[in-house]
Amino acid sequence: GEGEGAGAGIGEGEGEDDVGGDESSSEEAEEEVGGVEEEEEEEELFKSPDDLVEYCFLCALKTTVKPKDLPMLSSTFFSAHMLPARPHGTTVDIKKTRYKKVGKLLKEMAKRGIISVKETKDGVASVTAVTRDHPDLKAFRRVDGGGDAASSTAAAAAAAATAAVTDLGVEKVERAAAAAAAAAASGGGGDGATGAVAVRSVYQATNELRALFEGVEEGGVRKGGLAGGRDWKDHLTAAEVRDVVNEYVDRNKLWPAANKRLVTLDAMLCQWALRTKGETHNPHDPMPRDSLVERVVGRMREFHQIKRPGQRPLLKKGPPPTITVSTETRVGRKLMTHVSGLEGFEIDPKEFASRMRPIVAAAVSVTELHGAKGDRCEVLLQGPVQKVVVQELVNAFKINPRHIRDATKGGKGGKG
């Protein structure tokens, strides 16, 4: 088939040896010659747009698509895997191929038995399985100098440009990927799209818990508490709280002989762990360590940290924020997608709107969010595109899905 032919041709193109020299002038000359040969090789390998797109398809399956990634939307497969797989100096334009659309490419490859594809009622295709022992994949060989989707800037940029509507302007997806790649390569990303936003909960001890985190002095030696001379008022992760609690339990040997996962509460632990003054606990009834740690954390003040690469973390009161995405039907049966809570993650709603406009290829606006504390805004996007929004927040802005809430009735996502 065509895939086998492409694979065989690619295999023949490998194996160029680098020729070294002692003199810098000869090295430069050979680099120039190598560059010419590489261009001629690419022209020979990819005689048509079909050859190039099939190469990128096979390369993506062979190098970056893992079983745990499936099922995968066709748009994600194209922008986050196929585009980064293209060799340097080439451009993938699926509209110039006989397939015209990503969905048709995937259906053709499914007929060949390379992948399995499932299509929703809305006509959105997903890759559900890959036949790893298919002859085309076994025969595939990568072009020297091809993009490394696992580690290159292009891979991250392509993921940042993922659009979750399969055939809604593939050219727009490519342009978004190229723009994101250029921003990442130049060290840009002022809009935060190319840098991960790290969010974590941290906790501060109250006066009631001071003895636990400060430790005690025995014979002039401080035992327990926070290591490294840290202050008991420091903000701690749940893991650090667990370490302090475990150290106290182990130092005082507060566990039944048969099971160290359980804890026998002493008077201090009863004071630290019981939720209310009226709550009692039989000291003969051990408590699971995880439950003990959870109770101690519940008695602490909760904060959250938001950190971008290269910047100091921002500390804010309360639990981590949530971005709310929902779809509603307006007058005239027009569907609108609402996005709010972006400010909690230091994402400018206006910049987010500008980023989403070419991806969804629809009207996008920003409006003031009435009734919210502070200057809060929401982004309005025409159409049921909440899946597109969520995917962009996860892939591009690196927001953990647990911080994104789908407030649409029934929790159903939109097209994408």
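**Strands, helices and cysteines**

User: Which residue in strand 9 is the bridge partner of Arg200?

Analyst: That's Gln305. Quick background: this is a predicted model, where local features need pLDDT of at least 70, side-chain atom pairs count only at pLDDT 80 or more, and totals for chains, interfaces and linings use all residues. Residues are numbered from 1 along each chain as its sequence is written, and side-chain values use heavy atoms, leaving out hydrogens and water.

User: How do you know that strand 4 and strand 9 pair?

Analyst: Strands (E, at least two residues) and helices (H or I, at least four) are DSSP runs, numbered from the N terminus. Two strands pair if DSSP finds at least two bridges between them. Strand 4 and strand 9 (residues 301-307) have seven, and they run antiparallel, so they pair.

User: What makes helix 4 roughly perpendicular to helix 5?

Analyst: Their angle is about 90 degrees. Angles run from 0 to 180 degrees between N-to-C directions, with axes fitted to C-alpha atoms over the stretch in contact. Under 35 degrees is roughly parallel, over 145 roughly antiparallel, 65 to 115 roughly perpendicular, and the rest oblique. So helix 4 is roughly perpendicular to helix 5.

User: Why does Cys56 count as buried?

Analyst: Buried means under 20% relative accessible area, exposed over 50%, and partly exposed in between (1.4 Å probe, protein chains only). Cys56 has 0%, so it's buried. Cys59 is buried at 0% too.
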